[in-house]
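Dear colleague,

I am passing the structure on to you below, and my notes on it follow directly after. Please read them with the coordinates open beside you.

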Amino acid sequence: MTVSFEGRRCIHSRMCVTRAPDSFLADRAGDWIFPDATDPELVSAVIRECPSGALQYSRKDGHNEPAPQVNLIAVRENGPYAVRAQLAIDGGSDGYRAALCRCGASRRKPWCDKSHVASGFQASGEPDTRESQALAVRDGPLAIAPETDGPLHIAGNLEIVSGTGRIVSRVTETRLCRCGGSSTKPFCDGTHRRIGFHSE
């Protein structure tokens, strides 16, 4: 297999270095990924658990990561949006996993860079449930367009869930707060305009 790493997306969840330590070497200068040192099934499984999508793989036997059968955005307590879907972020092709900023402080927007920790961001991972109907189709492409100085515009089949997996809402289009100030988190309520949020 070929393993790729995109540093700007990494949130240092440490799943790779703790679950496959022979292949992912922590605190090492230079090369640190050695997929051949571990069974390929384990390496593949560990990479699929990388919440940010910083790690991706391509297998020579064709057994690559499958697209999720249900598109999900999980709202993390005091933290980012954890996304699982066939992603097109800002028009790109971005794999199946991402951690997106919702505190407004990341220096790598729309990606989370863990600035929520230093900024003391507080937001529930258990927002209120909104009445919604079951989706006829639960997978497929999910387009995420970060609006300039505004929210994340989401288009596609999506279940928004709490940190514990409870359904918050089911939508095919919505706007999610990324300034950190909305009173209706995770949904945008226009607060970004009042507080002068800048996305750059």
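A charge is said to sit over a ring if NZ of Lys or CZ of Arg is within 6 Å of the ring centre and within 35 degrees of the ring normal. Please keep in mind that this is a predicted model. The charged end of Arg102 sits over the ring of Tyr81, at 5.8 Å from its centre, and the charged end of Arg130 sits over the ring of Phe187, 3.8 Å from the centre of that ring.

Phe24 and Trp32 have ring centres 6.2 Å apart and planes at 55°, so their pair is tilted. Together, Phe5, Phe24 and Trp32 form one aromatic cluster, in which Phe5 counts as partly exposed because its relative accessibility is 36%, while Phe24, at 1%, counts as buried.

The search also found 2 cavities of 30 Å³ or more. The largest holds about 40 Å³ of space, and its lining, which includes Cys177, Arg178, Asp189 and His192, divides into 4 nonpolar, 5 polar and 2 charged residues. The second largest cavity, with a volume of about 30 Å³, has Arg102 among its lining residues, along with Cys101, Cys103 and Phe121, and that lining divides into 5 nonpolar, 2 polar and 1 charged.

With best wishes

Terms used. Residues numbered from 1 in each chain as written. Predicted model: local features only at pLDDT ≥ 70, side-chain atom pairs only at ≥ 80, totals over all residues. Heavy atoms only, no water. 1 Å grid on protein atoms, 1.4 Å probe; cavity = no way out; pocket = protein on both sides within 12 Å on 5 of 7 lines; lining within 4 Å. Points joined across faces, edges and corners; volume = space filled by probe spheres on them. Nonpolar A, V, L, I, M, F, W, Y, C, P; charged D, E, K, R; others polar. Buried < 20%, exposed > 50% of the residue type's maximum accessible area, 1.4 Å probe, protein only. Phe/Tyr/Trp six-rings, centres within 6.5 Å; stacked < 30°, edge-to-face > 60°.
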